Amino acid sequence: MTEPSIDAENGAGGDTVRTAETMFDIVRRLVDDDGASLAELASELDYAKSTVHRHLHTLEGLGYVVHRDDGYHVGLRFLEVGVTARSSYRGYDLVRRKVEEIAEVTGERAQFFVEEHGKAVYLSRAVGDQAVRTDPGIGSRIPLYAASAGKAILAELPEPKLSDMFERISFDPVTKYTITDPEELRAEIEAGRERGYYFNREESLRGTHAVGVAICGPDDDVIGGLSVTGPSHRLNGERLESELPDLLLGAANELELNIAHS
C-alpha cells in the first residue's frame, strides 16, 4: 500500500498538495461508488487504512462526509458548495427557466452547458414528457467536441483561445461516431458558424441526436451552450435541421437580451 509522501523537490508544499489530492481522491471515489466502507476505499485507492481514516475523519468533522450504517457518503455540505458554484454563472435563473420551457414545448430533454477546464459541464437540465432519461446528472462533464452545445461554445472562442483548446484536447472517442480528427472538427465548427447551430449525431451517446446553439453575453463573450437531445428516430430530418434550430435560435436571442439587461 502507498502512503502520501513528502515531495523531495517541493518540501512541505509538495506534501500539502499530495494531501489535498488524496482527500479529493477519496471524495471522488465516494461520489462514483455512491458510498464506500473504509476497507473498500483503502483497497480501491491503494492507500493504508490509517491514511484513509485520517482523511475521512477530517472530512466528517468539516461536514463534507457522513458515516452511515453502510459506510461513508458525501455530505450535504457539498450541496451548499455546488449551489453556490452554479448560481455564480451569469444569468443562471434565466437559463434554468428557459431550459424548462424548451423541454416542455419539445417533449424532449433540454440542457445548458458551460465550459470549464476544457470540458462541457451540465449546469441546467429539464426533461419533457417524451424525453430519454439517459444523460449524466448536473455537474457531469463530457468532451466539448462530442456535444452540439460544446461545439457551439468552441465556435465562439477567439482564435488564439480556440487553437490553445485544440492543443489541449485529447480527442478520445466517446462513441464510434465521435469526431476525433481536429481538422474535421474545425470544418464542423465552420459549417455551424454559417448556420448558427450545431449537431451531435450519436457522437456522445448511441441512438441519440442533438442540436445546440451558443449563448453569448453583451460583450460577445460566450456564456454557455443550449441544446435539445432526443432519440435519433425522432430528432432527424426537418425536425432536427429546421424546427428545433429555429426554436433554439429564438430562445438564444431572448436569453441574450434578458441577460444583457438583467
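Which residue forms a salt bridge with Arg201? The legends below take up this pair and other close-up views. The model is predicted: local features need pLDDT of at least 70, side-chain atom pairs count only at pLDDT 80 or more, and totals for chains, interfaces and linings use all residues. Residues are numbered from 1 along each chain as its sequence is written, and side-chain values use heavy atoms, with hydrogens and water left out.

**View A. Salt bridge between Arg201 and Glu241.** The closest N and O atoms of Arg201 and Glu241 are 3.4 Å apart. Arg201 lies in strand β6 (residues 198–201) and Glu241 in helix α9 (residues 237–260), so the pair ties together parts that are 40 residues apart in sequence. A salt bridge is a side-chain nitrogen of Lys or Arg within 4 Å of a carboxyl oxygen of Asp or Glu. Helices (H or I, at least four residues) and strands (E, at least two) are DSSP runs, numbered from the N terminus.

**View B. Salt bridge between Lys98 and Glu101 in helix α5 (residues 92–106).** The two residues are three apart, about one turn of the helix, and their closest N and O atoms are 3.3 Å apart. Lys98 counts as buried at 7% relative accessibility, whereas Glu101 is partly exposed at 41%. Buried means under 20% relative accessible area, exposed over 50%, partly exposed in between (1.4 Å probe, protein chains only).

**View C. Salt bridge between Arg168 and Asp164 in helix α7 (residues 159–168).** The N to O distance is 3.1 Å. Asp164 is partly exposed, with a relative accessible area of 35%.
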